[in-house]
Amino acid sequence: MATDETKLITTRRGLLFGAGVAGSALAAGLTSAHSVQKQGEQVADAPVSDKTQERQSFYGPHQAGIVTPRPAAGMIASFHVLAQTPDDVERLFRTLSGRIAFLMQGGTPPELDDKLPPADSGLLGPVVPPDNLTITVSLGSSFFDQRDWLAPYKPLRLSRMKAFRNDALDADLCHGDLALQISSNTPDTNIHALRDILKNLPDLMVLRWKQEGSVPVLPPKPDGTHESARNFLGFRDGSANPDATDAPLMDKIVWVAEESDEPDWARGGTYQAVRIIRNFVERWDRTPLGEQERIIGRKKPTGAPYGGHTEHDVPDYSKDPDGAITPLDAHIRLANPRTKQSDSNLILRRPFNYSNGVSKSGQLEQGLLFICYQADLEKGFIAVQKRLDGEPLEEYIKPIGGGFFFTPPGPRDEADFVGRTLLEAAGHAVTRLKS
Amino acid sequence: MKLTTALSASLFAVTAAMIPRAAMADVSPLDLVGPIADYKIYVSENLEVLVTDTKAFTDAVKAGDLEKAKSLFGSTRMSYEAIEPIAELFSDLDGSIDSRADDHEKAEKDPEFTGFHRIEYGLFAENSTKDLAPFADKLMADVTELNKRITDLTLPPEKVVGGAAALMEEVAATKISGEEDRYSHTDLWDFKANFDGSRKIFELVRPLVEKDDSAFVIKVSGNFDKVDKTLAKYKTEQGYELYDKLTDDDRAVLAAAVNTLAEDLSTLRGKLGLN
Ligand code: HEM
């Protein structure tokens with residue numbers, strides 16, 4: 001039904017003259033309003049940032065947004081893909097890559113006749129700033145399963161996420177044929193990017209679910225060092241993450257390697273695990289500090305492990321076989337027992353905190369938009385999560401959504417696009433447009 | 001209805017003063033006179049059917065014939081849904097004829113909640129015609145009044161042409177979810193009527209756009225065909241399957257077609273030089 005704005009001037013006279021009269025009154029009003037120069041900062045002035053021109057590159061052997069330092073705002077958007085034929089899938093990949101290239105680079109959208117809807121939503125102004133945006137494209141298991149010609153090329157370890165012990169999955173927040181991880185300095189930049197993509201690919205994909213998240217911003221430290229941001233449980237998150245600037249380490253943990261048994265086209269790609277994990281924050285805030293720390297396995301103010309001073313100190317479990325220092329069932333000890341065998345289970349976490357609203361019981365719907373990357377989904381996320389099954393932290397968390405995806409390698413240059421190696425592997429001839 | 005009245009009323013609406021110079025296609029304001037006149041006929045025909053169908057439907061409700069009332073619900077709405085952009089021009093009547101429970105603060109219990117969906121709630125959720133007679137009377141009166149008002153109305157060309165996209169926006173925003181006919185699940189009937197109504201407008205102005213932008217015309221018709229093909233899978237003898245029968249895949253096909261039609265048809269006004 002109609003919204004209130006559509007109330008109609010029903011007389012013929014009103015129809016003929018209504019708009020004209022209103023229009024000229026407005027024009028007259030503008031002149032006087034504009035002549036008043038306001039002094040000082042006004043309540044509705046835009047907040048100022050010197051980071052809007054920060055830019056990440058879309059091109060390279062790997063997609064951006066994986067080893068890229070996590071900015072303040074992130075989002076996962078999951079889609080149902082309509083494209084079925086090789087030609088349509090190529091059009092999907094190419095259009096998507098074209099939009100991502102523009103959005104990450106920033107620039108001026110084309111100007112159209114004002115009788116047409118504008119090419120851009122305009123929510124970031126007439127010139128789109130890069131604002132540190134990355135958009136990472138990943139493919140779900142169903143993307144391959146539902147296309148006979150692609151099924152043989154599915155990455156070996158890509159599966160549809162199954163519920164783990166503590167999960168209460170909501171079907172409307174799970175899986176998807178294609179996922180976009182969108183991250184940038186501000187939620188507005190992410191939303192702008194999402195709306196641009198929705199507008200430009202309406203016949204090829206339909207949005208199924210999305211989850212936005214954030215990371216608390218810290219002031220720069222005088223000595224130039226960095227500290228991990230905190231999650232909604234108030235603990236630093238990321239302290240023990242493998243060093244993303246260590247390329248050989250990333251080759252080992254994150255990227256599908258040359259010598260791997262995965263299909264050739266997947267080399268340089270990675271597996272993405274997404275989990276929407278609700279935190280029962282009220283209950284957590286009513287839990288004694290000592291217990292909180294024992295559950296995580298780290299001190300809350302500093303993020304240091306037991307016996308350490310800073311978050312980057314490394315616990316030595318070999319000297320603590322009975323858990324006298326770090327409890328055996330502490331989150332960090334189960335997640336990474338730091339044994340020879342558990343070395344093959346390392347993952348790169350890149351999560352965001354989310355806050356959605358209020359539950360029917362009047363509690364905050366908050367939690368962690370957990371995202372991690374690994375070269376082997378089974379040895380990575382799945383193995384770690386299985387070890388965590390039954391952990392004491394479960395009393396305070398409930399996974400409700402997410403999915404498993406494969407993130408193809410990056411586009412090499414402007415003539416390339418995300419997904420090309422897959423199409424070529426499947427025997428679809430792809431023309432390189434320019435070089 | 002009287003053809004002559006409709007035609008002359010429409011001719012009145014489309015004067016050179018009202019339509020600015022064409023922007024995209026080389027369309028003169030007078031080119032729109034024919035299509036708008038034809039559309040007025042289409043609207044009047046639908047209103048005539050609406051009045052007749054609503055009479056039969058509300059009579060069944062008042063006679064306490066639950067099964068008959070239920071069976072007439074889906075089809076009765078179709079002529080309203082087909083011309084929704086025009087019916088909606090009268091927001092008071094659109095509110096009392098077609099508002100949904102969540103448009104009202106107290107939802108189903110709200111005294112302001114009247115019209116098709118209030119009766120639908122009684123018939124399908126409460127499975128009874130009890131206490132529905134006043135709502136039936138009001139619906140009949142509102143539909144009669146709507147018919148009268150539209151007969152006297154000069155159709156604004158930009159509303160007519162914009163209506164093609166507006167119908168798709170309706171479907172995209174609230175119908176894909178199945179929340180429109182949430183008690184009866186007859187949403188596919190609404191879908192069909194919304195698409196037909198949108199396509200009618202598109203077909204009427206199609207010759208004006210075709211010569212300058214045949215790719216656009218081919219793309220839009222292709223998407224309408226896709227919708228028809230998908231809906232045809234759910235056709236039954238009496239009408240359409242209930243909405244819960246729609247598979248997730250087909251729902252996605254419809255959603256994508258609707259979104260694409262909404263994007264494309266949003267340019268139709270501009271292409272015809274209308275503001
Ligand atoms: C809401 C849920 C979760 C919360 C609140 C949480 C919190 C934390 C915290 C505070 C740390 C210590 C700091 C750090 O090293 O980052 C940590 C470490 C870690 N977490 Fe989680 N986590 C959650 C879910 C998960 C999940 C689902 C996984 C993987 C299945 C996971 C894997 C890890 C790993 C591998 C470490 C590093 C352990 C180490 O190497 O010492 N976490 N988590």
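A:Arg298 is buried, with a relative accessible area of 5%, where buried means under 20% relative accessible area, exposed over 50% and partly exposed in between, with a 1.4 Å probe and protein chains only. The model is predicted, so that local features need pLDDT of at least 70 and side-chain atom pairs count only at pLDDT 80 or more, while totals for chains, interfaces and linings use all residues. Residues are numbered from 1 along each chain as its sequence is written, chains are lettered from A and ligands numbered from 1 in the order in which they are written, and side-chain values use heavy atoms, with hydrogens and water left out.

A:Arg298 is found in the loop between α7 (289-296) and α8 (331-335) of chain A, helices (H or I, at least four residues) and strands (E, at least two) being DSSP runs numbered from the N terminus. Among the residues that A:Arg298 touches are A:Ser239, A:Ala240, A:Gly303 and A:Glu311, not counting residues up to four places away in sequence; contact means heavy atoms within 4.5 Å. In an unreviewed entry, UniProt lists A:Gly238, A:Ser239, A:Ala240 and A:Arg298 under "binding site". Although these residues are spread over 61 residues of sequence, they cluster in space, with a largest C-alpha distance of 12.1 Å. Such UniProt positions are given in the numbering used here, feature names are shortened, and annotations may be inferred rather than shown by experiment. A:Ser239, in the loop between β4 (205-214) and α5 (247-253) of chain A, counts as buried at 12% relative accessibility.

Elsewhere in chain A, 10 of the 11 residues of strand β9 (residues 397-407) are buried, so this strand is largely enclosed by the rest of the structure. Strand β5 (residues 270-279) of chain A pairs with β9(A) in the antiparallel sense over 10 bridges, pairing requiring that DSSP finds at least two bridges between the strands. Within this pair, A:Ala273 stands opposite A:Phe404. Strand β2 (residues 134-140) of chain A also runs antiparallel to β9(A), joined by two bridges, and A:Leu139 stands opposite A:Phe406.

In chain B, residues 36-268 are listed by UniProt, in an unreviewed entry, as "domain: Imelysin-like", and over this range the chain is 71% helix and 0% strand. B:His185 is found in the loop between α8 (157-175) and α9 (187-210) of chain B and counts as partly exposed, at 27% relative accessibility. B:His185 touches B:Glu120, B:Glu241, B:Leu242, B:Tyr243 and B:Asp244, not counting residues up to four places away in sequence.
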